[in-house]
Amino acid sequence: VARHVELIKNVIKYSIVQEEIESNPIVHMESDRENKTDKTHLSTEELIKMEQFDFGGEILLDEVRDMFVFMAHTGMNISDYYKFAKNVKAHLHKQDGVEFIIQNRQKLRKRFENKILAFIPIDKKVKELLKKYKNKLPIHEDTKVNEKLKEIGKHLGISITKMKTKVARKTFANEQYNSEIDVRAVSAMMGHTKTSTTEQYYANSKLDFVAKQFKKANNNTKKHD
């Protein structure tokens, strides 16, 4: 919505310059733009807690949790998830013995350019969820999903500021970025054309990751000595 409001404002400004209209009828309209540098994500412990929690047969909560977990293990946003869930088999591929989800991540502003592909390795949790739903993943309206995620957050004792669909993708980015995987591969999983995008907007290094890397480098130095 914010993007569309800004576009309309720009059209109106142009029209005023061209003297096609005299004034801006929406001059006082404000729009909240998404904070793209917000890297809010679940910790590894919070994600595991979410995966293992028993909702006592509440199907909707269980399915919404599974939707979030699936996105947190694939780096999909909600639009990617819907596209994938509607045609699962079309996105499944295998390369060098590794099973992948390959998906277009074309954005509106690039609709006339080449499509951006995300190469997502299928991990154990993703396999479990695909098996659980027999390749027919649950689909619920995004507003309903965000509403139920807040309810899930209360069950788990996780801040509701973290319980949003967009946090799943950022959780995936942080988990992968702080693993032993090369950042170039992480960017490819995310469907980013530049590693700087992953680093600037999605992930931060964790203290334990820095410690591990320091020990690794130190051990290598000792071996050479």
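In strand β2, F100 is the bridge partner of H93. The two strands concerned, β1 (residues 92-95) and β2, run antiparallel and are joined by four bridges; strands are said to pair if DSSP finds at least two bridges between them. Two residues lie between the strands in the hairpin of β1 and β2, where D96 takes a positive phi near 55 degrees.

The model is predicted: local features need pLDDT of at least 70, side-chain atom pairs count only at pLDDT 80 or more, and totals for chains, interfaces and linings use all residues. Residues are numbered from 1 along each chain as its sequence is written, and side-chain values use heavy atoms, with hydrogens and water left out.

Strand β2 (residues 98-104) also pairs with β3, in the antiparallel sense and over five bridges. Within that pairing, N104 has L117 of β3 as its bridge partner. The table sets out the pairings.

| Strand pair | Sense | Bridges | Example of bridge partners |
|---|---|---|---|
| β1 and β2 | antiparallel | four | H93 and F100 |
| β2 and β3 | antiparallel | five | N104 and L117 |

Buried here means under 20% relative accessible area, exposed over 50%, and partly exposed in between, with a 1.4 Å probe and protein chains only.

The chain as a whole holds ten helices and three strands, in the order α-α-α-α-β-β-β-α-α-α-α-α-α from the N terminus. Helices (H or I, at least four residues) and strands (E, at least two) are DSSP runs, numbered from the N terminus. Of its 225 residues, 37% count as buried. The chain exposes about 14400 Å², of which carbon and sulfur atoms supply 52%; accessible areas come from the Shrake-Rupley method with a 1.4 Å probe. Among contacts with a separation of 6 or more, 61% involve residues 24 or more positions apart, a contact being heavy atoms within 4.5 Å.

G75 lies in the loop between α3 (59-72) and α4 (78-86). At 3% relative accessibility, G75 counts as buried. Residues up to four places away in sequence aside, G75 touches R169 and F172. The C-alpha atoms of G75 and N174 are separated by 10.0 Å, although the two residues are 99 apart along the chain.

F172 also belongs to the lining of the second largest pocket, together with T44, L47, I48, E51, A72, H73, P121, D123, E175, Q176 and M189. On a 1 Å grid over the protein atoms alone, a pocket is an open set of points where a 1.4 Å probe fits, with protein on both sides within 12 Å along at least five of seven lines; lining residues have an atom within 4 Å of a point. About 190 Å³ of space lies in this second largest pocket; grid points are joined across faces, edges and corners, and the volume is the space filled by probe spheres set on them. Helices α2 (44-52) and α7 (165-177) each supply at least two lining residues, and α2 gives the most, with four.

Q176, a residue of helix α7, counts as buried at 18% relative accessibility. Leaving aside neighbours within four places in sequence, Q176 is in contact with I181, V186 and M189.
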